[in-house]
Amino acid sequence: MKRTIAQYFFVFVLVTISLHAQKVLWETGVTGEYGITSPNGDIVATVGSRIISIWDWKERKCLRNIRVHSNRVMQLSFTPDGSTLASVSRDTTIAFYSTKDFSTQRVKVPSESWLESGSFTSSGKHFIVVNRDLDVFVYETASKKLLHTKRKFLQNDGQPITFLEDGNTIITSTDFAAVERVNLLTEQREIIKTVPTQEMITSIQISPDNASFVIVTTDGKAKLYANSKGYNAKPIGNANDTIVAFRWGKNSNEYSWVTTTGFVIVAENGSRKFVPYVENFTLENFMVDNNQKIITAIESDGSVRLFSTQTTKLLTILDHKVQGSYSIAFVDSNRILSSQLDGTIQLHEEKSGTFLLSSKESEGGWYTLSKDKKQFVQYGNSFVTLFETSSLQQKSSLSFEFSVDNITGAAWAENNSKLYVSCSDGLIRILRVSPLQCIDSFRVSDKALSSLSLSENEELLCVVCDDLTTKIINIQTQSVIDSYSKNNGRQVSAFFSDNDAYVYSSSVTGFVWKWDVKMADATNVFPEPNVSLTTIQLSPTNNTLITTTVNGNIRFWDAKTYQVYHTIECQSFVTSLAVSNEEKKMITAFADGTIRLWDVEDILK
């Protein structure tokens, strides 16, 4: 059902209800806030908020979406052989993932503050974590056991830190102007270089042989300090370059850096290659694989770009960043269909949330599946597009005249051969399917129509109008036979239930009515006082009514007693939800772009 953003954002009073423990089976969201490439360059791992996505970039395929953290993921790191990926989260846990079978082991860090960073040592034998209080935790990679804990060990908040081979020694910056070596066992500290600069150190990168390091400062300069030369500074790049970041390769003779115009790759033989940006974008992070063939660049808008160092061309963009989710539905027990604000349609594996297919053929966000789930229509500003569900291939499209500002809803009829669509010009249009063709229309209101639903016997339409009414339409006569209104504000959605005997309708002011179709009167009222509703839906057995609100609450109501018996509190509001036919799972789409699959078997019993 199509709704405007204005319908959601009404002033509300937050009503606090106790939160029960929930089980989120998986979650998808924005990818590309942070990303790294595996050492051999075959796999790209990206993270958006709490969700880690692992990609086969050559196939442009997301292999797996993983959500094990309950708070933001701060950093990712691969072991040198690429067999293990690790993540560090503000929820004070670290997680280790096998890149072979995606098996996961989560470890709780005994930290009193959130974790800021963590990475494997160059040998891969140890994993070192630093929290906000500057405590240091050293883990053995193989056993995942905590070996050392050093409280308040580091001296300056926000300092760049890197780790030496043995896992016992770190190199860090003090007061952002000096570099020191610190032994975690003896706690001995040694200043190895004072940096003569007015700028702060932004990163320290130690060479693979531990014999030298490169410092990047906020003035855009990078300098190499080698032990064999008494740690005397050697400038990196040209004098006019503004260096954003520096990376070592698989040995100390291979390295790369990025400027404001492109990447510079230095091979083992000393030869250099420049890989320019193909267009202007703001770089957040970059990596080069061990073979110096692939550059992985993370853009500030969340997209992941891969460049070839051989052709110096852009290879691909992994741009599955979510801009706000709209429609969501179960296709079958194996697949889920979702749509986004920019018109992207995605088919997910139900078990893991992995993207099976993705398509962007139109600019609309909402869609409606046919009753047999084999096809669906996507609709938006003056158009309706027909797709095949299994392939996401467009079958046909229909555009309307400019006066039809928006298509706001669609309902399938007559064995999926006909469509009824509600329009912002107050008309219901009747479309023939395959190919799409408008065969008739009739007026329901002088005001815009915001949604519609079809009765089970396909004799009646329930239409929500912007004149604050819900109208019942006789399809055969194309006439309004009833109009429901309680004068409690704009209605959000309405649908038939109980073999077409009742209509549920909801408003932005927080009320849900259950109307007796024959009596044309409301029999019960579900109040959500002063809190705008975003969706309402009955469970498949009609035992539970589920409502969602702009303050992020998902409420479960007993459909017989009209009492709330369960509440889930979320950080963003739900734009669409669906419950599986067996009532074991619920899928929700959120305005922030997150999609979550929930285990609700114990709730809907």
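# Close-up views of a predicted model

View A. L468 is part of the loop between β43 and β44. Its phi is positive, at about 70 degrees, although L468 is not a glycine. For most residues other than glycine, phi is negative.

**View B. T469, a buried residue in the loop between β43 and β44.** The loop that holds T469 runs between β43 (460-465) and β44 (470-474). The relative accessible area of T469 is 10%, and T469 is therefore classed as buried, the limit being under 20%. The side chain of T469 has a polar contact of 2.5 Å with the side chain of D467. The side chain of K471 also makes a polar contact with that of T469, at 3.2 Å. Beyond the neighbours within four places in sequence, T469 touches V463 and V464 as well as S483, Y484, S485 and Q491.

**View C. K373 and its positive phi.** K373 is located in the loop that separates β34 (366-369) from β35 (375-379). The phi of K373 is about 65 degrees, a positive value in a residue that is not a glycine. With a relative accessibility of 28%, K373 is partly exposed.

**View D. The cis peptide bond between S434 and P435.** The omega of this bond is about -10 degrees. P435 belongs to the loop between β40 (427-432) and β41 (437-443). Most peptide bonds are trans.

**View E. Aromatic pairs in the chain.** The chain has 15 aromatic pairs, counted with ring centres within 6.5 Å. One of them is W248 with Y255, an edge-to-face pair with 5.7 Å from centre to centre and 75 degrees between the planes. W248 is buried because its relative accessibility is 14%, and Y255 is buried because its relative accessibility is 17%. Another pair is formed by F263 and F286, whose rings are tilted, with planes at 45 degrees and centres 5.6 Å apart. This pair connects distant parts of the chain, as F263 belongs to strand β24 (residues 262-266) and F286 to strand β26 (residues 283-288), 23 residues apart. Both F263 and F286 are buried.

**View F. An aromatic cluster of F246, W248, Y255 and W257.** These four residues form one cluster. The cluster includes W248 and Y255, which pair edge-to-face.

**View G. Charged side chains over aromatic rings.** R90 is placed over the face of W114, 3.8 Å from the ring centre. K144 is placed over the face of F96, 5.1 Å from the ring centre.

**View H. The chain as a whole, for context.** The chain contains 56 strands and 1 helix. Of its 605 residues, 57% are buried. Among contacts with a separation of 6 or more, 39% are between residues 24 or more positions apart. The accessible surface of the chain is about 25,300 Å², and carbon and sulfur atoms account for 45% of this area.

Note on methods. Residues are numbered from 1 along each chain as its sequence is written. This is a predicted model: local features need pLDDT of at least 70, side-chain atom pairs count only at pLDDT 80 or more; totals for chains, interfaces and linings use all residues. Side-chain values use heavy atoms; hydrogens and water are left out. Rings of Phe, Tyr and Trp (its six-membered ring) pair if their centres lie within 6.5 Å; planes under 30 degrees apart count as stacked, over 60 as edge-to-face and the rest as tilted. Buried means under 20% relative accessible area, exposed over 50%, partly exposed in between (1.4 Å probe, protein chains only). Helices (H or I, at least four residues) and strands (E, at least two) are DSSP runs, numbered from the N terminus. A charge sits over a ring if NZ of Lys or CZ of Arg is within 6 Å of the ring centre and within 35 degrees of the ring normal. Contact means heavy atoms within 4.5 Å. Accessible areas come from the Shrake-Rupley method with a 1.4 Å probe; for residues, only the protein chains shown count as cover. A polar contact is a pair of N or O atoms within 3.5 Å; within protein, one must be able to donate a hydrogen and the other to accept it, and residues adjacent in sequence count only if both atoms are side-chain atoms.
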